[in-house]
Amino acid sequence: MPMDDAVEASIARVLAAEAEALATVARARDDAATIAEHARETARRIELRTDRRLRAVRAAFAASVAAQVASLE
């Protein structure tokens, strides 16, 4: 009987370790998804800011060119 108890205890330890490993993997997946979403949000903010800056530069350039052309007429 003691051998059966040792086997059962070993099986229980293996199952507990497996459950802990699966929980750790699940947490890691959740963390990775959170990190990815934060990265996407940051990229969207950078894209919006860059688009605004580019529009401002283009508008300033167009105004400058228009003023220079007007001065030539």
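Modeller: A definition is needed at the outset: a residue is called buried when its relative accessible area is under 20%, exposed when that value is over 50%, and partly exposed in between. The model under discussion is a predicted one. By this definition, 0% of the 73 residues of the chain count as buried.

The overall form of the chain provides the setting. The chain has one helix and zero strands. Its C-alpha trace spans about 105 × 10 × 5 Å along the principal axes. The radius of gyration is 31 Å, whereas a compact globule of 73 residues would have a value near 11 Å. Alanine 16 lies in helix α1 and is partly exposed, with a relative accessible area of 47%. The chain as a whole exposes about 6400 Å², of which carbon and sulfur atoms supply 65%.

We may now turn to the part that you asked about. Side chains of opposite charge can pair when their charged atoms come close. A search of the whole structure finds two salt bridges. In one of them, arginine 40 is joined to glutamate 37, and the closest N and O atoms are 2.9 Å apart. In the other, arginine 44 is joined to glutamate 37, with the closest N and O atoms 3.1 Å apart. A salt bridge requires a side-chain nitrogen of Lys or Arg within 4 Å of a carboxyl oxygen of Asp or Glu.

Why are arginine 40 and glutamate 37 separated by about one helical turn? The reason is that these two residues are three residues apart in helix α1. Arginine 40, at 43% relative accessibility, counts as partly exposed. Arginine 44 counts as partly exposed too, with a value of 40%.

The other charged side chains deserve attention as well. The chain has 11 positive and 12 negative side chains, and the centres of these two sets lie 15 Å apart. Arg45, Arg49, Arg52, Arg53, Arg55 and Arg58 form a positive surface patch. One of these residues, arginine 55, has its place in helix α1.

A nonpolar patch is also found on the surface. Met3, Val7, Ile11 and Leu15 form this patch, and together they have about 390 Å² of accessible area. Among them, leucine 15 is found in helix α1, which comprises residues 2–72. Leucine 15 is partly exposed, because its relative accessible area is 48%.

Key: Residues numbered from 1 in each chain as written. Predicted model: local features only at pLDDT ≥ 70, side-chain atom pairs only at ≥ 80, totals over all residues. Heavy atoms only, no water. Patch = residues over 30% accessible without salt bridge, like charges linked within 9 Å, V, L, I, M, F, W, Y side chains within 5 Å. Areas by Shrake-Rupley, 256 points an atom, 1.4 Å probe, with all protein chains shown as cover. Helix = DSSP H or I, 4+ residues; strand = E, 2+ residues; numbered from the N terminus. Buried < 20%, exposed > 50% of the residue type's maximum accessible area, 1.4 Å probe, protein only. Lys, Arg positive; Asp, Glu negative; His and termini not counted. Charge placed at Lys NZ, Arg CZ, Asp CG, Glu CD. Rg over C-alpha atoms; globule rule 2.2 N^0.38 Å.
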